[in-house]
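Have the viewer open while you read.

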Amino acid sequence: PEVISGDMESAMAVELNPWVEYEFRVVATNKIGTGDPSTPSRVIRTNEAVPKTPPANVSGRSGRRHELVIAWEPVSEEFQNGEGFGYIVAFRPNGTRGWKEKMVTSSDASKFIYRDESVPPLTPFEVKVGVYNNKGDGPFSPIVVICSAE
């Protein structure tokens, strides 16, 4: 943090993550040395915000015939930015228009299985996974191509 002059009675903490609990302490320093830190402040939670971090490493997994198994690394709690966090799984057969979207409401989910008896084995799909919370929709991961199960 920035050094604050000795005549200041307050300071503003900036660039804090949304929806994270913080405690603050003050440490005084002069030419003689540095004193002990103050007792911690009460716990303060920053406001919620729309999530800004999409899931990483979206990929396909093996599954049963007529299934498209989509997997990803879950977004850690510190980047969920609010309550009601979940995932939006979007997919479409390669080369088609219009995305099918399915909501996954568990914040620690790491896969989604789409079943469709009309999907032939090894059909390529474009897939992306986005995030949302009570404040709104966040970004999607980059699009990857994965195939339905054999």
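1. Strands here are DSSP runs (E, at least two residues), numbered from the N terminus. Asp-116 sits in the loop between strand E7 (111-115) and strand E8 (124-133).

2. Ground rules: this is a predicted model, where local features need pLDDT of at least 70 and side-chain atom pairs count only at pLDDT 80 or more. Residues are numbered from 1 along each chain as its sequence is written, and side-chain values use heavy atoms, leaving out hydrogens and water.

3. How many salt bridges does the structure hold? There are 3. One of them joins Arg-45 and Glu-21 at 3.5 Å, N to O. That pair links strand E2 to strand E1, 24 residues apart. Arg-45 is partly exposed at 37% relative accessible area, while Glu-21 is exposed at 51%.

4. Glu-67 pairs with Arg-115, closest N and O atoms 2.9 Å apart. Glu-67 is in strand E4 (residues 67-73) and Arg-115 in strand E7, so this bridge ties together parts 48 residues apart in sequence. Glu-67 is buried at 6%, but Arg-115 is exposed at 56%.

5. Arg-92 and Glu-126 form a salt bridge too, at 2.7 Å between the closest N and O atoms. Both ends are buried: Arg-92 has a relative accessible area of 16% and Glu-126 has 15%.

Key. Helix = DSSP H or I, 4+ residues; strand = E, 2+ residues; numbered from the N terminus. Salt bridge = Lys/Arg side-chain N within 4 Å of Asp/Glu carboxyl O. Buried < 20%, exposed > 50% of the residue type's maximum accessible area, 1.4 Å probe, protein only.
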